[in-house]
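Biologist: Hey, can you walk me through this one? I'm new to reading structures.

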Amino acid sequence: MLRDIARQWRETRAACGRGWDMLRHKAPGQMTFWLIALVVGAAAGFSAVLFRFAINSLQAFLYGTEDVNTLASFAETLPWVWVLLIPVCGGLAVGLIVQFLTPDGRVRSVSDVIEGAALTDGRVEKKAGIASVLCSWITLSTGGSTGREGPVVHIAAMISSWVSNLLRVDGITGRDLLGCAVAAAVSASFNAPIAGALFGLEVVLRHFALHAFAPIVVASAAGTVINRLSFGDVTEFVLPGTTTVEFYLELPAFFLMGLVCGLVAVLMMRAIFWSEDIGNRVQRRLGLPHWLRPAVAGLLLGAIAIRFPHIIGVGYETTSRALTGNLVLAQATVFAVIKVAAVSITMAGRMGGGVFSPSLMLGALTGLAFGHIATGLFPDQSSAFTLYALAGMGAVAAAVLGAPISTTLIVFELTGDWQTGLAVMVSVSMSTAVASRLVDRSFFLTQLERRNVHLAAGPQAYLLAMFRVAGVMRKPDDPGAADEEACLRMIEQGLYVQVSATLETALPRFDKSGVAFLPVVVLEGEAQTPLLQGALFHVDALKAYNRALAATAAEEHS
């Protein structure tokens, strides 16, 4: 007994000593990093608020409305020519910006931030990023049917990239700063501190490492404070009264609605990708200049907006009408179909903006339509049909973002309704389960897959693309270099890898050929003659890959 007490006392003293040493040596550094996270979060929060004010100001100027929150209703009173021309002019301006300020004519978005977190130590492009922010601002102000979260996230990423480069931090710290900036931007944009923090972890960093949690929360809180100083402590949407769920009888309906919402989310995502492919084919066939493509999309959007002005901009007015039940079944269904078409045209036209706000609207409309049907069939066993709109809003958005946790919380924070948690959770879980099997986990990861950036499968897939053969090969004068004559014989047989290739290309060749090394060559001249540069050994490639996997696992579990 006494021995056990003495042993426990010694272990306690040793643990206290280790804790004191950690506090003395690591606490100052941690506090410094948290202070940097606070500054980055405040900067990202201010940028998000300023971006929102910029959209509202330009929208009010162009459409001549005093309240941009009721823009859809106000647009019905405008001359149809004005409604048609504003998106065309906006598209023309966007086309000229991407033509001269981006290398590929593509507007950057959340998917590029996710790619930066995974592959470039938390850094993103700056020149193309600034151009993309300008494009998204013009798009959202002139009738484009997307959301503001995409450009806001990219603004935050550019701020964190600048700070990371200024401080010359490593990859882990750069990614943590990126998560801090994104969390603050989302929090400031939607007055959602909990969801903002989890969005940075779940969507951008794609892990929940403890070392990143505290600074991200600090930054998210800073963004929320800035939002509330600017707009007050109010929710984005106000629900009518209180909502209750007939739990035992009604939960199967929410399971079924979750499946429907998952399919609707997949339909919207695939419609965007189909429209992008169709736009590419039409552009090539007609020889349409890149700078004119957004203007053509603007013309289509303007034509739609003459009859359905709810597609203009972020669309919070229509989302609010769905959440308050001010739309009948036919309106909700037609509005949902038209919204999918408008979002697809905007994205295929490369006009800029995000998909989160459109998915909120589409989800609310889908849920409302489902609620009208469900409550009409079983009026005595159903709650208010507006509850279905709330759950549907979360279900579609979660499936599109591939982020069930942060989306569930952001729905609660956007509406201030925490009493319907079970209904929202059931719908979200079913929708994400369905959608993740029909796309590459989310809209953003599917975007990256379409660009041959393989992040959806995890680090074991994309880490191979980070290592160039040139950095792993043994040169002819290195110790243990491959025999030159053996390399030349293998080159004659077509067994070689180019110096510009990655391990993603090289390792399958090892598996197929069974050789211990591959000659590394550079192709020069019109005949593309292979010139020997060295050799890539299978064991060296595997060692580099294993070290990268170990470093990633250590970061995600630290």
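Modeller: Helices (H or I, at least four residues) and strands (E, at least two) are DSSP runs numbered from the N terminus. This is a predicted model, where local features need pLDDT of at least 70 and side-chain atom pairs count only at 80 or more, while totals for chains, interfaces and linings use all residues. Residues are numbered from 1 along each chain as its sequence is written, and side-chain values use heavy atoms, leaving out hydrogens and water.

Biologist: Okay, what span should helix H8 have?

Modeller: H8 covers residues 193-205, so its 13 residues should span 18 Å at 1.5 Å a residue, and the 17 Å between its end C-alpha atoms agrees.

Biologist: And where is the kink in H8 centred?

Modeller: On Phe-199, with a kink of about 30°. That's the angle between axes fitted to the seven residues ending there and the seven starting there.

Biologist: Is H8 mostly covered or mostly uncovered?

Modeller: Mostly covered: eleven of its 13 residues are buried, meaning under 20% relative accessible area with a 1.4 Å probe, protein chains only. Phe-199 is one of the buried ones.

Biologist: What follows H8?

Modeller: Arg-206, with a positive phi near 60°.

Biologist: New topic: in what order do the three strands of the sheet come?

Modeller: S1-S2-S3, in an open sheet with mixed pairing. Two strands pair if DSSP finds at least two bridges between them. S1 and S2 run parallel, joined by two bridges, and Gln-498 stands opposite Val-521 in S2.

Notes
The expected span of a helix is 1.5 Å times one less than its number of residues. Buried means under 20% relative accessible area, exposed over 50%, partly exposed in between (1.4 Å probe, protein chains only).
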